Amino acid sequence: MGALLSAALLTTTGAVRRAGPAGGQLIVESNQTVPLVHVIVASRSGSAADPRHREGLTNLAAEWARHGAGGKSREQLDAAFDALGATLEVETQPDSTRFEGEVLARNLDAYLALLADVIVRPNFAPAELQRTRHELLADIDESRNDDRALAIRFFVRNLYADHPYGHPPAGVKAALEAAKPDEIAGHFRRHFVGKNLVFAFAGDVEPDALAASLKKAFRGLSDAAAPPPNPLELREPVPPKGWRIQLVDKPARQQTQLLFGHPAVRASDPDFLPLSIGLAAFGGHAMNTTMMNEMRTKRGLAYGAYLSVSERRGVGAASGWVFTGSDKTVTTLKLALKLYVAFMTKGIDADTAEFFKRYLIGAHATEMDAPDARLAARVSAEIAGLPPDFVDTYGDHIRAQSPAAINAAIKRRVHARDLAITMVATAAVMKKLLLDAKVQNTAIDVVRYDEY
Amino acid sequence: MAVLALPIFACAAAGRGGASGKVGVGVGVDRGAAAAADSAVGNPGPAPVEVARATFGRMTAVKWRLGNGLDIVLAPDPQATTVSYQTWYRVGSRNENEVGGETGLAHLFEHLMFTQTKAAPAGSFDREMEAAGATANAMTSYDFTAYVNDIPPAELAVAARLEADRMLNLDLRKNQVDTERDVVVEERLSAVEDSVDGTMEELLYKQAFKTHPYRWPVIGWMKDIKAVTRDKAVAFYRRFYAPGNAVVVLAGKFDAAAALDLLARSYGPLPASAPPPADDAKPERAPAAEVRATLVRPLPADRVVVGFPAPALADADRAAYEVAAEILAGGPSSQLPRTLVVDKQWASSVRGDVAPTRDPGLYAIWVQMTKGHTAEEAERIIVDATAALVARPVAASQLGMAAARLETEFLRQLSSSHGRAEALGNFEVSGGGFARLYERAGEYARVTADDVRRVASKYFAGGVRSVVIARPGPGSDGANDDDGNAGDGARGD
């Protein structure tokens with residue numbers, strides 16, 4: 001099977017790289033299956049670039065830019081994109097801020113002109129800032145409807161504390177309300193300069209013609225030096241000590257969303273891939289993982305149970321997620337912790353390592369079949385500081401990892417006895433269950449679900 | 001708006017299947033034992049017959065039929081990196097017996113089909129597939145159950161062998177049924193009881209449809225899920241799982257002739273079965289009048305969903321209806337997001353979904369209000385906007401925007417092997433045949449202002465709508481009672 005899998009590796013035509021406008025990086029992958037083009041323009045500055053007490057500033061700035069540019073009002077700009085059958089959304093992550101969308105291939109040049117307006121010539125109209133701010137605050141309110149999103153919002157703070165990864169990219173209310181127009185616009189202009197941008201395209205597009213069109217459309221883009229990274233981002237996050245439970249109190253829950261994790265490793269670190277294999281065996285998106293076998297298949301405790309490491313330029317987290325009925329939560333939590341400690345202590349055997357290497361190689365090829373997913377992966381790898389051919393040679397890198405390397409990475413990077421634990425549940429019910437299970441009262445912090 | 005997207009419960013599995021290694025006390029499903037052996041030998045029976053062909057741009061899909069009635073749709077793409085191998089059974093929640101307390105059975109098979117067969121012991125399906133580098137999943141809707149494997153091209157034979165085997169040879173054990181039932185209980189708690197949208201959608205359909213099976217949720221009522229037995233499951237499997245009730249769809253990187261040969265050898269030996277029971281669900285235009293319910297949940301402000309009657313996926317009105325829906329709640333410049341989110345700032349989000357169902361379904365418009373604004377304000381805007389579509393023709397620019405956005409969404413789904421197989425499968429079982437998928441792309445651009453006005457008059461006029469409002473509050477109104485039967489505790493207005 002190994003030989004067959006080798007033949008099944010990514011066989012895309014690969015991406016070509018060119019110099020982008022004003023010192024930016026251009027990545028293009030041509031595929032003529034359908035007459036559509038997927039587009040990402042990513043700044044190498046994400047929510048980790050938010051200044052202290054301005055959590056959400058980067059996202060706010062990009063959304064404000066999207067809401068009116070090139071002299072077109074927001075309504076005119078929206079109508080112009082819609083007339084092309086095109087989309088353009090803001091996606092802010094800890095390491096990057098992206099304008100991403102799709103356009104019919106026949107409309108690409110017109111789309112580039114609008115995209116350049118947003119990035120190079122945003123209106124930054126004061127009235128639009130008020131609307132944008134109002135919408136983003138309402139979005140944060142709405143995001144609390146979803147218990148998993150709610151759990152993640154609290155979990156990143158619990159996990160990373162005051163590290164720049166320790167707040168949600170959407171920000172927090174007080175910071176969004178405090179940000180001043182000049183501060184917001186200045187932040188955008190500092191970070192959306194050519195040398196800080198990745199221009200990425202996939203679909204029915206020809207690289208040389210695109211490079212020429214892009215250069216023309218983005219004339220006027222600043223070629224100033226890229227801003228230095230947030231110095232706080234470069235430091236190691238302070239890991240949690242012991243097991244401490246943050247109980248996010250939401251009324252009338254019948255189920256608990258349970259997240260646990262710890263800072264683990266940078267994506268560019270040699271431990272990243274071997275750790276990824278180990279964690280895939282423990283809780284990756286397969287059915288034969290330790291977590292799925294023990295929690296779902298053997299015990300029926302949960303519908304899903306997962307653990308993975310995030311691909312970050314800074315120290316990404318190993319984080320687990322399981323959701324289960326309130327009455328099963330204590331049993332599930334105890335089992336998760338016990339399994340994770342055993343994983344840290346014993347690692348995985350050679351057969352398991354081989355099995356999950358094969359699985360990851362195949363699953364990667366499957367995931368990369370979608371051109372938009374492939375494009376996003378290429379941009380993420382570029383932002384995280386991985387080699388330019390990382391997406392295309394992922395299988396080779398995985399195959400090269402030995403069981404010893406995997407177990408060494410687990411030993412170095414898994415900290416199962418020092419975990420941030422966040423659960424969304426109804427505190428009146430859950431706290432009693434935890435105390436009955438001999439969890440110390442002082443190890444439980446109860447917070448209201450709508451306070452952050 | 002995701003035109004081809006499936007309703008909220010259609011893709012009910014983010015992680016499913018799995019099997020206990022314990023030996024249960026089950027007895028194999030009798031029909032399958034001989035078939036398993038035959039399948040391994042590989043007497044393919046009569047040569048496959050080509051029954052239909054369709055082309056869209058660079059893509060061609062061809063449908064074949066085997067002697068036992070199995071349909072096969074092949075859509076090769078040399079630029080793909082994988083193969084999406086999907087098996088669509090023409091059985092969904094519409095085929096369940098609500099009176100008999102058997103809702104949720106179709107969806108339960110999304111789990112049970114990963115347990116074991118005579119030839120494949122417990123857990124071996126997932127082990128073999130994952131060792132081959134494949135991802136295996138499943139989804140259930142009102143009209144179908146689909147098993148979706150995305151697999152490296154060189155490993156196609158693994159999927160063909162395992163899928164052909166479990167089509168007839170499932171060997172259900174009591175302990176596995178019990179465990180998977182518990183897992184589905186957890187799934188329902190997550191997707192319905194603790195999900196405001198899940199609860200609202202359940203109510204939306206329940207109060208809109210009076211007789212049609214779309215009135216009960218795909219995942220099933222909690223009391224029925226908890227009451228499922230192995231015997232009920234075996235009987236359901238015998239009725240609906242057979243070559244003549246399925247279509248295998250392959251999209252991606254494969255050689256069409258070799259794949260057809262492989263599938264013919266894998267499935268050809270399976271015996272033809274008696275046709276499944278006649279589907280006597282009578283299409284219902286729903287709702288027939290205005291119906292309403294309210295509930296209380298922990299929310300920042302009111303949340304509302306308004307459902308209008310919608311044509312079936314294959315209906316001649318469908319393209320025009322989708323254009324009308326796109327004009328109402330499609331892109332950021334469409335009427336409702338523009339009015340409610342941008343201009344008035346009464347809402348933080350608006351989205352619209354036209355259910356891609358085999359029978360007439362619902363067009364649902366979801367609105368999350370901002371603090372200080374009520375669902376009734378949004379409902380008034382929605383009613384006014386639909387009335388405007390009835391009263392006067394839309395501008396050419398609106399038509400052009402809607403058609404262009406629908407074209408983009410259409411192409412986006414076809415750009416991956418997985419998405420293409422899913423779209424072909426859904427049109428084959430719910431949309432009048434896979435070839436209709438490729439025809440749909442051109443239909444949007446031909447829709448006229450008169451067409452939009454006509455369908456608006458037909459579907460939006462007369463005040464008929466299903467409305468569910470969630471108010472902010474502690475969320476202990478009992479809308480999900482102990483049986484998990486959403487709506488029993490909600491207040492109808």
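How many Å separate the centres of domain 1 of chain A and domain 2 of chain A, taken over C-alpha atoms? The answer is 29 Å. This is a predicted model, where local features need pLDDT of at least 70 and side-chain atom pairs count only at pLDDT 80 or more, while totals for chains, interfaces and linings use all residues. Residues are numbered from 1 along each chain as its sequence is written, and chains are lettered from A and ligands numbered from 1 in the order in which they are written.

On to the domains themselves. Chain A splits into domain 1 (12-232) and domain 2 (239-448), with bounds taken from an automatic or database domain assignment. Across the boundary, 30 residues of domain 1 of chain A are in contact with 26 residues of domain 2 of chain A; contact here puts the C-beta atoms, placed from the backbone, within 7 Å. On the domain 1 side, β2 (25-30), β3 (36-43), α6 (147-160) and β6 (197-203) of chain A each put in at least two residues. Helices (H or I, at least four residues) and strands (E, at least two) are DSSP runs, numbered from the N terminus. The top contributor to that side is α6(A), with nine residues. By class, the domain 1 side comes out as 16 nonpolar, eight polar and six charged residues. In this scheme Ala, Val, Leu, Ile, Met, Phe, Trp, Tyr, Cys and Pro are nonpolar, Asp, Glu, Lys and Arg are charged, and the others, Gly among them, are polar.

Next, the chain-chain interface. Here 68 residues of chain A are in contact with 66 residues of chain B. Elements of chain A that each supply at least two residues to its side include α1 (2-7), β5 (97-104) and α14 (350-367). Of these, α14(A) gives the most, with eight residues. The chain A side holds 31 nonpolar, 19 polar and 18 charged residues.

Within chain A, the axes of helix α11 (residues 272-283) and helix α17 (residues 403-413) come within 8 Å and cross at roughly 90°. The axes are lines fitted to C-alpha atoms over the stretch in contact, with angles running from 0 to 180 degrees between N-to-C directions. So α11(A) is roughly perpendicular to α17(A), a label for angles of 65 to 115 degrees. P274(A), L275(A), I277(A) and G278(A) of α11(A) meet A405(A), I406(A), A409(A), I410(A) and R413(A) of α17(A). That contact counts seven nonpolar residues, one polar and one charged.

Technical notes: Contact = placed C-beta atoms within 7 Å. Parallel < 35°, antiparallel > 145°, perpendicular 65-115°, else oblique.
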